[in-house]
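Open the model in your viewer and keep the selection tool at hand. We will go from stop to stop.

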Amino acid sequence: MDISNTPREKLLEAVNTGKANIRLILAPPRTGSTLLETLLSKNSGVHVSCHEPFVMLGYYNDGPEDGYQKMLAAIEGSKETGANLVLLVKEMSHWLAVRQEFKAL
């Protein structure tokens, strides 16, 4: 992997090469999405989860690369090895609406 790649590009490479498979829970606040994330993360088919990696987009107007870096860190920190690691990402819909990041994700 080229170290000059952005976190988003590195994550895309992990998905395209079969190293990671992302499952996204995207919901507005107060709809039970964190409960759903907790329940699904207990499933043996989910290897690692990442809770609201893009929250800084809304609070501090940081760039989206921080969110992708958090997702990469979750993958890299997983105890699972090999291909097809399933990453469960829970995010609130309004954070991904900032700068329309949902289109890139």
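Select Ser78 first. Is Ser78 buried or exposed? Ser78 counts as buried because its relative accessibility is 15%. Buried means under 20% relative accessible area, exposed means over 50%, and partly exposed lies in between, with a 1.4 Å probe and protein chains only. Ser78 sits in the loop between α4 and β3. Helices (H or I, at least four residues) and strands (E, at least two) are DSSP runs, numbered from the N terminus. Show the surroundings of Ser78: leaving out residues up to four places away in sequence, it touches His47, Val48 and Leu85. Contact means heavy atoms within 4.5 Å.

A note before moving on: this is a predicted model, where local features need pLDDT of at least 70, side-chain atom pairs count only at pLDDT 80 or more, and totals for chains, interfaces and linings use all residues. Residues are numbered from 1 along each chain as its sequence is written, and side-chain values use heavy atoms, with hydrogens and water left out.

Next, select strand β3. Eight of its eight residues are buried, so β3 is largely enclosed by the rest of the structure. Colour one side: Leu85, Leu87, Val89 and Glu91. Then colour the other: Val86, Leu88, Lys90 and Met92. In a regular strand the side chains alternate between the two faces of the sheet.

β1 pairs with β3 in the parallel sense over eight bridges. Two strands pair if DSSP finds at least two bridges between them. Find Ala27, which stands opposite Met92 in β3. β2 also pairs with β3 in the parallel sense, over four bridges. Here Ser49 has Leu88 as its bridge partner.

Which residue forms a salt bridge with Lys90? The partner is Glu52, with the closest N and O atoms 2.6 Å apart. Glu52 lies in the loop between β2 and α3 (55-59) and Lys90 in strand β3, so the pair ties together parts 38 residues apart in sequence. Both Lys90 and Glu52 are buried. A salt bridge is a side-chain nitrogen of Lys or Arg within 4 Å of a carboxyl oxygen of Asp or Glu.

The structure holds two salt bridges. For another, select Lys70 and Asp66, which meet at 3.3 Å, N to O. Both lie in helix α4, four residues apart, about one turn of the helix. Lys70 is partly exposed at 30% relative accessibility, and Asp66 is partly exposed at 32%.

Hide the surface and look for the core. The largest nonpolar core has 16 residues, and Leu11, Cys50, Phe54, Met71, Ile75 and Leu87 have the most contacts inside it. Two or more residues come from each of α1 (7-16), β2 (48-51), α4 (65-76) and β3 (85-92). α4 gives the largest share, five residues. Such a core is a set of buried Ala, Val, Leu, Ile, Met, Phe, Trp, Tyr and Cys residues joined through side-chain atoms within 4.5 Å.

Last stop: select Ile25 in strand β1. Ile25 counts as buried, at 10% relative accessibility. Compare Leu24, also in strand β1: Leu24 is partly exposed, with a relative accessible area of 41%.
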